[in-house]
Amino acid sequence: MRGRRRKPRPPIPWRSPWTLVVCLAGGAVVAAMAVTSAMAKDVVVVVDGKRTAVRSFAASVRDALGEAGVALGYGDVVRPPAQQPLADGATIEVRRARPITLTLDGRTSEHLVTSTDVAGALAELAIPAAAGRVSAPPDEAVPLSGMALTVYTRRKVYVVAGATRLATRTTARTVREVLRQERVGLGRGYLVEPPLSSFPKDGTVITVRPPRTDPVDPGVAALNWGALAECVSKGDPRAYNAEGPYYGMYQFSVPMWRAVGGPGLPSDWPEEEQTYRAQLLYQQVAGRWQGQWPSCGARLFARP
C-alpha cells in the first residue's frame with residue numbers, strides 16, 4: 001500500500017535573507033525605547049501652590065520648567081535652584097514675584113513678595129498682621145500684577161489738654177483722629193501741637209492749648225518768670241492754696257485766670273500755658289506786680 005503523499009512544508013522565515021535585517025532593526029528599536037525610557041524623569045511642578053505632574057527629558061530644573069511652559073521672571077523663587085541637574089521624582093516649586101506698594105505709617109516704598117495672600121505678604125515684609133490697621137483683609141489674594149497695601153501700626157501717644165493727661169495706643173492716621181477717638185474737644189481758635197493733619201508717630205505728645213489772641217511784649221517775656229514761679233509755688237504747676245483758693249505756678253485766683261482768657265483751672269494746664277497767662281496779667285496791670293505777687297514779684301527782675 002502506498003503511503004500518502006506529504007504536503008511540502010512552507011519555507012522557514014528565518015532562513016529568508018531579510019530575516020536577519022528585520023531582527024536587527026527590531027532589536028535596535030527596543031534598545032532605543034529602553035534608553036529613552038531610562039532618560040525620562042517623572043517630576044512634580046508646583047507653581048504658586050498648584051501641582052502638575054510632568055514627564056521630562058530635561059537635564060536641568062530650568063529646562064524642565066521650560067518644557068512645562070513655566071517662564072521665570074525677575075524675583076521669582078525656584079526650589080531646587082534653576083541651574084541644578086534634574087532628578088527623577090523631584091518636586092520643583094516656583095513662587096512668582098508680585099510687586100507691593102507699601103505705605104507704612106505714612107511712608108511709601110516698593111517691594112517684591114512671593115506670597116499669594118495679604119497675610120503672607122505682610123509676614124515677608126516683617127509686619128505682624130495683628131500689629132495695627134491694614135487696608136486689606138489677611139486672606140485677600142495678591143494678584144501677579146501686584147497691589148497697594150496701607151498699614152498703620154499701633155503706636156503709643158500722649159495727650160495733654162487742660163486737665164486731660166492720657167496715654168493711649170492708636171492706629172490713627174492723624175492727630176485730629178487721635179483727639180476725636182479720645183473725645184478731646186477743640187474750642188474755637190484752640191492751638192494744637194503737632195498740627196491736626198500731621199502723623200502721630202510713636203511717642204508723640206499732643207498738646208492742646210486755648211487760643212492766644214494777645215501777644216506778649218518781648219520785654220515782658222524776657223523777665224525772670226522761672227524765679228517768680230519758684231518763689232510763689234516752688235515751680236509746681238499743680239500747686240493749690242485753699243486760702244484763696246489759688247492755683248498753679250503763679251497762684252492765680254479763678255477770676256484773675258478767667259480775666260486773661262484762661263479756661264478751666266490754672267492747674268489744669270502745662271507750665272508754658274500758665275506762664276503765658278501770667279505774662280498777660282502783668283501787661284494788664286501795666287507792670288504793677290505788687291498787687292498780684294507782693295512777696296515774690298521782685299524776683300521777676302533777678303538775673304537768670
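Which loop holds D105? The legends below take up this residue, then a sheet and a helix, in a predicted model.

**View 1. D105 sits in the loop between β5 and β6.** Strand β5 covers 98–104, and β6 covers 107–113. D105 has 18% relative accessibility. The cut-off for buried is under 20%, so D105 counts as buried. Leaving aside residues up to four places away in sequence, D105 touches V151, Y152, T153, R155 and F199.

**View 2. Four strands form an open sheet with mixed pairing.** The strand order is β10-β9-β12-β11. β10 (164–170) and β11 (191–193) are the edge strands, each pairing on one side only. From one strand to the next, the twist averages 15 degrees.

**View 3. β9 and β10 pair in the antiparallel sense.** Strand β9 spans residues 155–161. Seven bridges join β9 to β10. V159 stands opposite L166 in β10.

**View 4. Helix α8 runs through residues 271–284.** The helix has 14 residues. From first C-alpha to last, α8 reaches 20 Å, close to the 20 Å expected at 1.5 Å a residue. Just after α8, A286 takes a positive phi of about 55 degrees.

**View 5. α8 is mostly covered.** Ten of its 14 residues are buried. These are E273, Q274, T275, Y276, R277, A278, Q279, L280, L281 and Y282.

Conventions:
Residues numbered from 1 in each chain as written. Predicted model: local features only at pLDDT ≥ 70, side-chain atom pairs only at ≥ 80, totals over all residues. Heavy atoms only, no water. Pairing = 2+ DSSP bridges. Helix = DSSP H or I, 4+ residues; strand = E, 2+ residues; numbered from the N terminus. Axes fitted to C-alpha atoms, helices over the stretch in contact; angles between N-to-C directions. Buried < 20%, exposed > 50% of the residue type's maximum accessible area, 1.4 Å probe, protein only. Contact = heavy atoms within 4.5 Å. Expected span 1.5 Å × (residues − 1).
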